[in-house]
Amino acid sequence: MIKVGIVGGTGYTGVELLRLLAVHPQVELTAITSRKEDGLPVADMFPSLRGRVNLAFSAPDKADLTKCDVVFFATPHGVAMAQAPELLKAGVKVIDLAADFRIKDASVFEKWYKIPHTAPELLEEAVYGLVELNREQIKGARLIANPGCYPTTMQLGYYPLLKAGVIDAGNLIADSKSGVSGAGRKAEIGTLFSEASDNFKAYGVAGHRHTPETSAQLQRYTGQKVGLIFTPHLVPMIRGMFSTLYAKLTRDIDNAALQALFEAEYKDSQFVDVMPFGSLPETRSTRGSNMLRIALHRPENGDTVVILVVQDNLVKGASGQAVQCMNLMFGLPEETGLQQIALLP
Ligand SMILES: NC(=O)C1=CN([C@@H]2O[C@H](COP(=O)(O)OP(=O)(O)OC[C@H]3O[C@@H](n4cnc5c(N)ncnc54)[C@H](OP(=O)(O)O)[C@@H]3O)[C@@H](O)[C@H]2O)C=CC1
Ligand SMILES: CC(=O)N[C@@H](CCC(=O)OP(=O)(O)O)C(=O)O
């Protein structure tokens with residue numbers, strides 16, 4: 001059994017990890033931290049876990065995380081970088097759901113996240129945890145930088161077209177929407193019911209930190225200089241993410257050939273569903289599941305391709321993706337514990 005620790009067990013990605021790992025056949029939950037809820041049984045805070053998780057939260061300084069085989073950090077940016085060096089030294093693998101190790105250049109990280117990077121020596125070793133594009137490296141990793149939720153949709157949506165060299169890499173436009181759980185469980189005015197419900201707004205239009213993460217990764221995989229305009233929106237639902245991606249075709253290619261690029265790329269990736277050309281995916285077809293669905297469109301058969309991508313931000317966009325990485329790091333089938341079908345209605 002893999003002994004698992006979770007730092008940040010009271011947040012949305014933390015409780016999502018608990019939901020997935022409580023029924024994972026190869027996992028023994030060993031430590032779950034909270035600064036505020038030290039000693040509180042986990043199931044008292046989350047009754048959905050009654051009878052499944054018998055641990056209590058412990059304060060981060062009291063939890064002996066070195067007895068774990070792997071520790072997930074479901075914490076704000078900056079927490080994992082402070083603790084990862086010691087854990088790695090003790091032989092514990094680390095999966096960070098925040099952005100501490102996603103951007104290879106510490107100065108770029110510091111510019112966007114506005115905190116100093118305290119473990120830049122680990123940036124080169126850290127493996128970006130987007131399984132579908134990085135599977136082999138993840139298998140041998142000690143330290144995983146789990147991708148951001150929006151970047152997961154943008155990278156998986158654009159990659160097959162960039163790899164084939166059929167779109168203008170310098171002019172990508174991504175119009176994305178996230179459910180409110182994407183902002184986390186902490187109290188903030190913008191996510192109050194009376195602010196976020198019956199309302200719809202863009203944010204981060206002048207620049208969002210997921211733009212450099214996405215561009216850098218796509219450049220890394222394809223060697224092409226990527227120019228990306230990304231506009232996120234907050235949509236009044238709890239879970240779910242919808243990215244509408246636009247790209248200009250630079251070659252004469254028919255729709256069947258476009259579709260074939262995606263089908264070939266993801267044929268061995270069971271958590272990416274390439275829907276029939278022209279399909280209209282809905283976020284609820286992924287709710288609670290680790291599935292990401294993609295559908296291609298070509299308005300009036302012109303030179304613009306539109307890629308629709310949906311996922312659950314808390315599952316494939318965060319905790320499910322992290323468990324997918326853990327499975328590979330411990331030699332398990334990628335899908336172990338991740339077979340949930342989306343909840344309808
Ligand atoms: N929500 C989403 O859809 C996604 C989130 N992410 C990333 O995952 C991470 C977690 O997000 P989310 O679960 O939404 O966040 P939440 O705000 O819901 O939870 C944060 C958790 O971290 C704990 N925490 C906060 N500060 C510290 C600290 N200094 N030391 C130790 N623990 C701390 C909190 O618990 P306590 O205060 O009790 O200690 C809480 O359990 C973030 O980095 C986020 O960017 C990535 C992709 C998608
Ligand atoms: C709706 C909402 O607010 N979403 C968050 C992104 C989600 C996320 O957690 O991404 P990181 O791990 O990179 O922080 C935001 O735009 O800041």
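A crossing of two helices is left-handed if the near helix is turned anticlockwise from the far one by less than a right angle, and right-handed if clockwise. The model on display is predicted: local features need pLDDT of at least 70, side-chain atom pairs count only at pLDDT 80 or more, and totals for chains, interfaces and linings use all residues. Residues are numbered from 1 along each chain as its sequence is written, while chains are lettered from A and ligands numbered from 1 in the order in which they are written.

**First stop: helices α6 and α8**

Select residues 149–164, helix α6, and residues 210–222, helix α8. Helices (H or I, at least four residues) and strands (E, at least two) are DSSP runs, numbered from the N terminus. The axes of α6 and α8 come within 10 Å and cross at roughly 30°; axes are lines fitted to C-alpha atoms, for helices over the stretch in contact, with angles from 0 to 180 degrees between N-to-C directions. The pair is therefore roughly parallel, a label for angles under 35 degrees, with over 145 being roughly antiparallel, 65 to 115 roughly perpendicular and the rest oblique. The crossing of α6 past α8 is right-handed.

To see the contact, select Y150, P151, M154, Q155, Y158, Y159, L162 and K163 in α6, then H210, E213, T214, Q217, L218, Y221 and T222 in α8. Residues are in contact if their C-beta atoms, placed from the backbone, lie within 7 Å. These residues comprise eight nonpolar, five polar and two charged. Here Ala, Val, Leu, Ile, Met, Phe, Trp, Tyr, Cys and Pro count as nonpolar, Asp, Glu, Lys and Arg as charged, and the others, Gly among them, as polar.

**Second stop: N134**

From Y221, move to N134; their C-alpha atoms are separated by 9.2 Å, although the two residues are 87 apart along the chain. N134 belongs to helix α5 (residues 131–139). With 21 other C-beta atoms within 10 Å, N134 is buried; the term requires 20 or more such atoms, exposed means 12 or fewer, and partly exposed lies in between, with C-beta atoms placed from the backbone. Leaving aside residues up to four places away in sequence, N134 touches V127 and Y128.

Select helix α1, residues 12–21: 10 of its 10 residues are buried, so the helix is largely enclosed by the rest of the structure. Its buried residues pack against β1 (2–7), β2 (27–33), α2 (42–45), β3 (70–73) and α10.

Next, display ligand 1, which 31 residues surround; the closest are G8, G11, A98, G184 and R185. A residue belongs to such a shell if its C-beta atom, placed from the backbone, lies within 6 Å of the molecule. The elements giving two or more residues to this shell are α1 and α10, and α1 gives the most, with three. By class, the shell has 11 nonpolar, 15 polar and five charged residues.

Around ligand 2, select A98, A99, G148, C149, S178, G182, A183, H210, P232 and L234. This shell holds six nonpolar, four polar and no charged residues.

**Last stop: backbone details**

Most residues other than glycine have a negative phi, and most peptide bonds are trans. K114, in the loop between α4 (106–113) and β5 (127–128), has a positive phi near 60°. D198, in the loop between α7 (193–196) and β8 (201–202), has a positive phi near 50°. K114 is exposed, with 10 C-beta neighbours inside 10 Å, and D198 is exposed with 8. Finally, select L344 and P345, joined by a cis peptide bond with omega about -5°; P345 lies in the segment after α10 (315–329).

Key:
Two residues are in contact if their C-beta atoms, placed from the backbone, lie within 7 Å.
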